[in-house]
Amino acid sequence: MKIKADKKKIDSTEQGIDSEEMLDIEEESLKLANVVNATQTEMTAFYNHMLQEDFDETEARKKSNSLKRATSNIAKSLSQTYAVSDELNARWNDIRKQGKKRKLISSAPANATIDYRENSSEHFAKGLNIYKLLLICFVGSFAGVVIEILWCLITNGYIESRSGLVYGPFNLLYGFGAAALTVCLYKFRNRGAWISFLGGMIVGSVVEYICSWGQELLFGSRSWDYSHLPFNINGRICLLYSVFWGLLGVLWIKNIYPRMAKLILKIPNRIGKIITWVLVVFFVFNAFVSGVSIFRWSQRLEGVAPSNSFWEFIDRRFPDERMEKVYANMDFSTEK
């Protein structure tokens with residue numbers, strides 16, 4: 001079968017494109033398309049030459065290697081061009097949406113707007129620094145518990161604790177999840193939502209698996225088990241909740257994070273730094289006391305008596321009734 005050699009030259013006017021609307025990269029892409037067509041024509045002739053008895057195989061090897069290098073260069077350029085195009089469209093859509101009122105609330109500010117305001121200031125929590133991540137972790141620890149409680153009320157008809165710490169409605173799992181989502185998705189905050197969805201699925205699932213594994217390793221208990229759901233891994237994560245994490249990733253980086261960053265920008269530098277470190281001390285102390293009280297709770301369930309006055313104090317301060325109320329879903333029987 002004979003391959004058709006002549007190709008029609010690609011021209012912007014034939015495609016109905018105004019040259020004044022074209023970027024340089026589009027003009028160069030048209031040139032590249034024509035070069036590709038010419039190369040294909042050249043190769044068609046070369047295929048016939050390969051059938052000749054005096055054909056030198058080194059010629060084919062050189063052309064093959066050159067085409068491979070060209071393919072690699074074009075693939076890299078394609079990836080970069082797509083990224084630029086995707087970011088432009090995402091930024092434009094986010095900017096168009098910001099400020100528009102939807103029923104009772106307005107849309108979140110665009111991440112591009114937050115970036116501009118942060119870069120134009122010397123704020124203590126600009127960019128992605130330790131102060132911003134700590135504040136996000138603290139707020140996420142609280143907001144996650146509130147959402148879980150409301151979800152339990154809607155689905156089950158009653159209010160039940162979803163706290164992970166003995167003092168206050170806080171759960172560091174949600175805080176770490178919020179911080180992890182921010183760190184991993186921050187680079188893609190001005191990109192299309194599909195990247196945030198995939199990133200949210202991966203990050204959320206990894207965090208959830210590590211937290212479940214760590215809790216079982218340290219305390220011999222579990223607070224959730226997805227063994228009854230399809231496509232689960234050791235009951236720690238499952239496809240359904242991974243999808244939820246993906247949706248949360250989009251909601252977080254496109255809606256919640258820019259709102260939170262906007263509020264953080266309103267906090268004065270000196271006060272903000274003081275508040276952040278006070279909260280660090282509180283959460284470290286809270287996490288330490290919570291870990292000690294859970295450890296002692298697990299010992300009591302095994303019938304281990306307190307060995308000194310410190311553990312007696314823990315027993316009085318954090319009896320089983322209180323621990324069962326705080327950690328309503330914690331299960332120490334991890335055997336399957």
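Colleague: How many aromatic pairs does a search of the whole structure find?

Modeller: The search turns up 16 aromatic pairs. Keep in mind that this is a predicted model. One of the pairs is Tyr-167 with Phe-285, which are stacked, with 6.3 Å centre to centre and 5° between the planes.

Colleague: Nice. Where do Tyr-167 and Phe-285 lie?

Modeller: Tyr-167 is in the loop between α4 (130–156) and α5 (172–185), while Phe-285 belongs to helix α8 (residues 269–301), so the pair ties together parts that are 118 residues apart in sequence. Tyr-167 is partly exposed, at 24% relative accessible area, and Phe-285 is partly exposed too, at 46%.

Colleague: And what kind of pair do Phe-310 and Trp-311 form?

Modeller: That one is edge-to-face, with 5.0 Å between the centres and 70° between the planes. Phe-310 is partly exposed, with a relative accessible area of 40%, whereas Trp-311 is buried, at 17%.

Colleague: Which residues do ring pairs link into a cluster?

Modeller: Phe-138, Phe-142, Phe-170, Phe-282 and Phe-283 are linked that way.

Colleague: While we're on rings, which residue has its charged end over the ring of Phe-46?

Modeller: That's Lys-63, whose charged end is 5.1 Å from the centre of the ring. There is also Arg-189, which lies over the face of Tyr-186 at 3.8 Å from the ring centre.

Colleague: Switching topic: how many disulfides does the count come to?

Modeller: The count is 0 disulfides. Take Cys-184: the closest cysteine sulfur is in Cys-211, and at 13 Å that is too far for a bond. For Cys-211, the closest cysteine sulfur is in Cys-137, 11 Å away, again too far for a bond.

Colleague: OK, on to the packing. How many residues has the largest nonpolar core?

Modeller: It has 25 residues, and Ile-136, Leu-181, Trp-252 and Tyr-257 are those with the most contacts inside it. At least two residues of this core come from each of α4, α5, α6 (193–219) and α7 (239–264).

Colleague: Which helix gives the most to this core?

Modeller: α7 does, with 7 residues.

Colleague: You mentioned Leu-181. What does Leu-181 touch, leaving out residues up to four places away in sequence?

Modeller: With those left out, Leu-181 touches Tyr-186, Gly-200, Val-203, Trp-245, Leu-248, Gly-249 and Trp-252. There is also a second, separate core, made of 12 residues, with Val-289, Ile-294, Ile-314 and Met-330 among them.

Colleague: How far apart are the end C-alpha atoms of α5?

Modeller: They are 19 Å apart, which agrees with the 20 Å that its 14 residues should span at 1.5 Å a residue. For α4, the 27 residues should span 39 Å, and the end C-alpha atoms are 38 Å apart, which agrees as well.

Colleague: Which residue follows α4?

Modeller: Gly-157 does, and its phi is positive, near 85°.

Colleague: Last one from me: where is Ser-290 found?

Modeller: Ser-290 is in helix α8. With a relative accessible area of 2%, Ser-290 is buried. Not counting residues up to four places away in sequence, Ser-290 touches Gly-164, Leu-165, Val-166 and Tyr-327.

Colleague: Great, thanks for the tour!

Key
Residues are numbered from 1 along each chain as its sequence is written. This is a predicted model: local features need pLDDT of at least 70, side-chain atom pairs count only at pLDDT 80 or more; totals for chains, interfaces and linings use all residues. Side-chain values use heavy atoms; hydrogens and water are left out. Rings of Phe, Tyr and Trp (its six-membered ring) pair if their centres lie within 6.5 Å; planes under 30 degrees apart count as stacked, over 60 as edge-to-face and the rest as tilted. Helices (H or I, at least four residues) and strands (E, at least two) are DSSP runs, numbered from the N terminus. Buried means under 20% relative accessible area, exposed over 50%, partly exposed in between (1.4 Å probe, protein chains only). A charge sits over a ring if NZ of Lys or CZ of Arg is within 6 Å of the ring centre and within 35 degrees of the ring normal. A disulfide is a pair of cysteine sulfur atoms within 2.5 Å. A nonpolar core is a set of buried Ala, Val, Leu, Ile, Met, Phe, Trp, Tyr and Cys residues joined through side-chain atoms within 4.5 Å. Contact means heavy atoms within 4.5 Å. The expected span of a helix is 1.5 Å times one less than its number of residues.
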